[in-house]
Every structure is written in C-alpha cells, then in structure tokens.
Amino acid sequence: MKFYNRHTELALLENILKQSGEIARFQAIIGRRRVGKTSLLIESVKGEKYLYLFVSRKNEHLLCQQFQNDAEQMLGLRIFGTINYFRDLFEQLLLFALQEHFTLIIDEFQEFENVNPSVFSDIQNLWDQYKDRAKINLIVCGSVYSLMTKIFEHNKEPLFGRLTSKMILQPFKVNVVKEILKDYNPDFEPEDLLCLYMISGGVAKYIELLMDAGAVTKNQMLDMITRSDSPFLGEGKDILITEFGKEYGTYFSILQLIASGKNTQREIDSIIEKNTGSYLNNLEQHYSLIIRNKPIFSKPNSRKGRWRLKDHYLSFWFRFIYPHQALIEIGRLDLLREFIEKGYEQYSGLVLEQYFREKISLEERVTEMGNFWDSKGQNEIDIVALNHLDKTATLAEVKRNPKKIDLRILEQKAGALQKELAQFQIKFLGLSLEDM
Ligand SMILES: Nc1ncnc2c1ncn2[C@@H]1O[C@H](COP(=O)(O)OP(=O)(O)OP(=O)(O)O)[C@@H](O)[C@H]1O
C-alpha cells in the first residue's frame, strides 16, 4: 500500500526537525499498535541523516551490539571496542551530534523498562549534560500508552519534564479510509466503506491487510476476518495483554460488556458482581481505552453517562470475536461468521453514528459534539453538533435505511433542548448509508 495522508503530522515533524538543527529536541510519539508510528517517522526523515533503533525485549549487551552495527551502517559512526550498555552508546551518539545534526529514533522505547530500567535515568543525565550543545532530533516512540505516559508524566520518573513535544498519533479519519477504499475498489458500496471503518477503525495496518488481500467488499472483509489464518482473530488479545498484565481477566470482561451494549456502571457492576468504578476509571484515565458519553448540555460533574470503547477494531473484537473464543478453538469459524452476520445490522448502525460524527467534525465548524437522551433514557438524538462561535447547531438522526428517517420526530425530540438551543440556528438532518 502506498503512503497515505498524515500531512499535518509530517508538517509538524518537519518543523521540529528544522528546529533541532539549532537546538536539541526531544519528542515522544505515542499511538496504539499498528497505527502507523514507524512508517510516519521514517517518511518524515526521508533524505535526512537518521538512526533508527528498535528496542526489543532482550539482554542489554545483545541489544547494544545490534545498535552499534545500526549506528555504523546508518550514520557511519565508528566506535572502537564493544558497547555493552545503552548509556555508553547514547553518549557516543550525543558526542556525534556535537559535530553533525541528525535524528535519532528509538522505537518501542518503553521496552527499556524490561531491558534495564536504569536506562531512563542514564538518558536523563546525559541529556541534561549535552542538550544545550548537541544538534539532535531525538524521537522516542511507543505503543504501550500507560507506560509511555508514566515515563514522561509522573513527576518521580527521571525523564519527567524532559520532552519538548509530544504527539498522540490517531488512526486515519473517515475521509482517508474512504480515499483508500476508493483506490482499491472504485465501485465500492456504502456498506463496504462502513464495514472497513467498523473493522479497521482507521488503523493503517488493518486497512493494509484487508486491501492487500483483495478484501474490498463487505463480504470479502468478513470472509477474511473469519478465515482460520486470520490475523484479526487474536489481535485484540495480543495488543491488550501487555497493557493489563495479570488483571486482564476483569478488564477483558468489562470491555466485553461495554462492547455488547451494557454500558452503564450499574449494569456492569451487577453482572461482574463487584464495584468496577476503579477499573472503569483506569480504563478511561490510565489506558485511554474508553470514554464516557454524556448527554450534551449535562453538567460537567454529572455521573450520568454511557461508556464506549474508543477504538473501533477493539470494540468489534470484544463484541464479536472475544465472546466466541470457544468456536475459534474448535475451528467452527462458519458459526462465528453467522454470529457476526446476525448482529451486523444493529452494530453497524451504531458505528454509522460514529462515522457521521467524525465526518461532520471534519466538514463543519464544530466546537462541541455529542448526542442527547433525556433523564428517562429516551428521546435520543443521535448527533448534536454545536458551533458556539456562529451559534449554529446541527441535529441529526442516523439510520442505515433512509426510509426509516422521520425528521418530524427529530424536531419533536429537539423540544427537550428548547431552552439550551434558544440562541442557536438549528439545522435538522437525516443521515443514512447513502450519505457516507
Ligand atoms: N500513512 C500510511 N499509509 C499507508 N500505509 C501505512 C501508513 N502508515 C502505516 N502504514 C502501514 O501500516 C502498517 C503498520 O504501520 P507501522 O508499523 O508504522 O505501525 P506502528 O504504529 O509502528 O506499529 P507497531 O506499534 O505495531 O510497531 C505498516 O505495514 C505500514 O505499511
């Protein structure tokens, strides 16, 4: 697959690269696995002098041998003798940067925690010593959100306060997902696009896997997901297990419940039979995996709300794949496919709402986006997009089938927001598959 989009990120990185020729820069790029961090960084340093190091979980001496070879090949840095400790290599690189401007990318940076945790304080010492003189663009990159934020944002950690910038790399937005599908299937149907968005959540690797395998229609995509050698079946577990460690059972159960629509703490507590408040809090704050949807205009401290998984792939995985592990074990993927088909219409309808929220945010001047339901959990309005600057509001009803949309009902429901929207000029919209 050719390199798509990332214009904003590339412009930012290019700017920082330029600055680093004058003054040392230390950036962190954080993003979920497979989102495209490495590809973006490599694209950003094309034609420039750089060294790319990948921290794998192994003995520090072995790792440093590899790094020493990489430094020799990519930078032409000749170091006499064998380097056994990362701190020695890092110092050599900083010394090199006193003479020559270059970019140092350290991928899966958080893995140093397993290689030798004192690397972080070594880096801090050396950085503080050399940063005012070295012309270096240091970029560290990582996918374990909780560890990466701990390393740089906990005030007891050695690298606290050292970053000059931080980027959280997000999956592709709906316009890019659409552009890619169009390249691979110019005659795509809206249903194909919805399915690609639902499964991939805009994550580059998943889109690439599907497109490269020729899975460009809804049916082909679902066929590929449910093949016995499908990389999608085990992926949810693979990417989360490193986050949760031993407590993964409880976290997985909570995520499964949220993905299946049991999305209030009361419902979750009654099924799990314990107070899950601290788990939900961790999933939101520490792991950044869920968010609480609150009706628009509700008070900032309101506890009212419905949890939702942020990541569409994980939401799909917890909804359809994780609950059916037993079927996968015994090889009955045909039955798994039936379960997906059975729940598809309802589930994809919810994803369609997310799709349009994103689309409206991209295309209109939106300052606040949300949905609405009243205190009885009724009178739902799928999308409420506000523009506080121009005092305009878009209220939308989203349905897969355009024939099921009735704008008169939407207008009636909006009566519940009469007071809050009094100052706004309101536009009512019906959105269906045809409007994707
Ligand atoms: N902008 C892009 N356009 C097209 N393909 C992309 C883009 N970004 C990433 N990819 C593809 O997606 C895959 C995953 O990308 P990459 O390895 O950069 O992700 P990552 O975030 O570093 O992943 P991990 O954390 O798992 O190492 C790669 O195979 C790459 O070719």
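**Close-up views of a predicted model**

**View 1. Domains of the protein chain.** In this predicted model, the protein chain is divided into domain 1 (7-168), domain 2 (235-330) and domain 3 (364-435). The C-alpha centres of domain 1 and domain 2 are 33 Å apart, and the contact between these two domains draws on five residues from domain 1 and seven residues from domain 2. On the side of domain 1 that touches domain 2, the residues fall into two nonpolar, one polar and two charged.

**View 2. The open sheet of five strands.** The strands of this open sheet follow the order β2-β3-β4-β1-β5, and their pairing is parallel. Because β2 (50-54) and β5 (165-168) stand at the edges and each has a single partner strand, one side of each is left without a neighbour in the sheet. Direction ignored, neighbouring strands of the sheet are turned against each other by 15° on average.

**View 3. Strands β1 and β4 with helix α7.** Over six bridges, strand β1 (residues 25-30) pairs in the parallel sense with strand β4 (residues 136-142); at isoleucine 30, the bridge partner in β4 is glycine 142. Helix α7 (residues 145-153) lies across β1 and β4, and its direction runs at about 155° to β1.

**View 4. Residues around the ligand.** There are 17 residues around the ligand, of which Gly36, Lys37, Thr38, Ser39 and Ala204 come nearest. The elements that contribute two or more residues to this shell are α2 (37-44) and α10 (204-212). By class, the shell residues divide into five nonpolar, six polar and six charged.

Definitions and conventions
Residues numbered from 1 in each chain as written. Predicted model: local features only at pLDDT ≥ 70, side-chain atom pairs only at ≥ 80, totals over all residues. Near = placed C-beta within 6 Å. Helix = DSSP H or I, 4+ residues; strand = E, 2+ residues; numbered from the N terminus. Nonpolar A, V, L, I, M, F, W, Y, C, P; charged D, E, K, R; others polar. Domains from an automatic or database assignment. Pairing = 2+ DSSP bridges. Axes fitted to C-alpha atoms, helices over the stretch in contact; angles between N-to-C directions.
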